[in-house]
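Biologist: I am new to this structure and would like to learn how to read it. Please take me through it one feature at a time.

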Amino acid sequence: LLAAFPAALLFRAIPRGAPPAVRHTFSIIMSGTLFCALFNPPGFAQLLSASFAVWLAAKSFQSHRWMPLAVFAFSMGGLSANHIVGQIINGANDHFDHTAPMMVLVIKLTSYAWSAYDGAQPEENLSEDKRKLAIRELPGLVEFLGYVLFFPTFLVGPSFEFSDYKRFIDNKAPFNNRPSSLVPTLKATGAALICLVLFFKFGNTWTYHYTLTPEFLELSLWSRVLFMQVAGGIARSKYYIAWKLAEASCDLAGLGFNGYDTKGSPQWDRVRCIAIRKFEFSTNPKLGFEYWNQATGLWLRRYVYVRITDAGFKSSAVAMICTYVTSSFWHGFRPGFYLTFLTGSFLNISGRTLRRNVRPLFLGASKLAPFKPVYDVLGWACTIGGINYLVAPFVVHSVRNSLFVWKRNYFMLHVGIAVIQIGYGYLGFDRITRNLGKRIGATYPEPHVAKAKAKVSHRVGDIAAEAGAPAVNISWAGSAKTD
């Protein structure tokens, strides 16, 4: 990751009048050198062969409806095979291996295949988001490899669209009016360095693995809860290190520039995985999941969830299940991953239940409206506390260890989720809450309004994807295997 910084400076030093192939070739050589230095040439050959196969498939069958589906199955199948082999060889270890760049590559290959397919469709059949990303003129092999092997994001992401890369290399808007990248590069690098210090200072002490020891049982309940919070923050810091360093190198190269806002301030968020401050201070699970691993969440939204709903599946549950399965397979097959995803989905549902029933008590003309900051603080504490609880299996991996950690914390999140869902689903908590709301002046949307909002949720999600805010994000670790 650090090697990408001098490489980015060399990349920027390439004269603007040089042929685009020079920049493509530079990325290919740099990524190949970094990969072979970390792993081995056969692994890089595997990535190259997969990339060539997808490029050839899109070139030969661009307009065929099954082409992007075949690419998706081919890419995910190859990644899954490598996950399984790596899990057998590495056992319980979570060290950085070649599946990390392969995970990023899968996102790029599948995104490219769908965008190439959209490029062969009539514009009137495409949404605005798809029209913006559609590839009308397919690239040559060198340009394509320059995209999928772009060196700042090759190892740990984040991913980005081919249309962004094309405009960047050709120096078209907004990149032709790009300001200095010094400040955003320093900000991202500074955040990474702070997280680096925290991780190396406390990573061996404040770790989820300590919860499996007899010493953890000697702590009081509140001490255990506090330990889980700190351990969760330290565990996240290693992802922040990788993602922020990758973001900084992208900014240094210039790809991170995303135009100017309405006030004329430059935006450097085109290539970003995490908004640390927004995530850490999320006041509900929905926001927390959206701010985490944003690039992967957007990929899941655009190329799994939306594509399934576009295919004619009326039930959003089918699309959601398929998205969860895709996200799970993309991460790997360690049992702890699936316990985290399953619990996370229920946490999200419970958060939505509370927002629908409790939040109106603190809004508008309600007598409790002055206490809205208190509601937000409690929402933040429950959200980040719940996340720190549910991600423990992502670190301890096995079902036995995962249940052991949760048992030592009395399954408190699961109990809370059960109380919320049973209470509001079967015991009339919703009626009690709303009657209280009426007495204190709170207002709730009428049932027919809520149903109308549910019917347009697919369209709202498509707009959110277009704006770059993933409406469906069920990815936790992303591709940063950084132990």
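Biologist: Is F175 buried or exposed?

Modeller: Burial is judged by relative accessible area: buried means under 20%, exposed means over 50%, and partly exposed is in between, with a 1.4 Å probe and protein chains only. F175 counts as buried because its relative accessibility is 0%. F175 sits in the loop between helix 8 and helix 9 (182-202).

Biologist: What should I know about the source before going on?

Modeller: This is a predicted model, in which local features need pLDDT of at least 70, side-chain atom pairs count only at pLDDT 80 or more, and totals for chains, interfaces and linings use all residues. Residues are numbered from 1 along each chain as its sequence is written, and side-chain values use heavy atoms, with hydrogens and water left out.

Biologist: What is the mean pLDDT of the protein chain?

Modeller: pLDDT is the predictor's confidence in each residue, from 0 to 100. The mean for the protein chain is 89, and 90% of its residues reach 70 or more. The pLDDT is below 50 over residues 448-472, a stretch with 34 contacts in the model beyond near neighbours in sequence. It is also below 50 over residues 477-483, where the corresponding number of contacts is 36.

Biologist: Which residues does F175 touch?

Modeller: A contact means heavy atoms within 4.5 Å. Not counting residues up to four places away in sequence, F175 touches D164, R167, F168, G254, L255, F257 and R270. F175 and L255 are 80 residues apart in sequence, while their C-alpha atoms are 7.9 Å apart in space.

Biologist: How many residues does the largest nonpolar core have?

Modeller: In soluble globular proteins, nonpolar side chains tend to be buried together. A nonpolar core is a set of buried Ala, Val, Leu, Ile, Met, Phe, Trp, Tyr and Cys residues joined through side-chain atoms within 4.5 Å. The largest one here has 106 residues, and those with the most contacts inside it are F11, Y112, F150, F151 and W299. Helix 11 (residues 221-253) gives the most to this core, with 15 residues. Leaving aside neighbours within four places in sequence, the contacts of F11 include F26, F150, F151 and F168. A second, separate core of 9 residues includes V358, Y424, A442 and Y444.

Biologist: How many aromatic pairs are there?

Modeller: A pair of aromatic rings is described by the distance of the centres and the angle of the planes. Rings of Phe, Tyr and Trp (its six-membered ring) pair if their centres lie within 6.5 Å; planes under 30 degrees apart count as stacked, over 60 as edge-to-face and the rest as tilted. By this rule the count comes to 43 aromatic pairs. F26 and F151 form an edge-to-face pair, with 5.6 Å from centre to centre and 75 degrees between the planes. F26 lies in helix 2 (residues 20-38) and F151 in the loop between helix 7 and helix 8 (162-169), so the pair ties together parts that are 125 residues apart in sequence. Both F26 and F151 are buried.

Biologist: Which tryptophans form a tilted pair?

Modeller: W299 and W330 do, at 6.0 Å centre to centre and 50 degrees between the planes. W299 is in helix 14 and W330 in helix 15 (residues 316-331), so this pair ties together parts that are 31 residues apart in sequence. W299 and W330 are both buried.

Biologist: Where is the kink in helix 14 centred?

Modeller: Helices (H or I, at least four residues) are DSSP runs, numbered from the N terminus. The bend at a residue is the angle between axes fitted to the seven residues ending there and the seven starting there. In helix 14 a kink of about 35 degrees is centred on R301. Helix 14 is largely enclosed by the rest of the structure, because 16 of its 17 residues are buried. Following helix 14 comes G312, whose phi is positive, near 110 degrees.

Conventions: Helix = DSSP H or I, 4+ residues; strand = E, 2+ residues; numbered from the N terminus.
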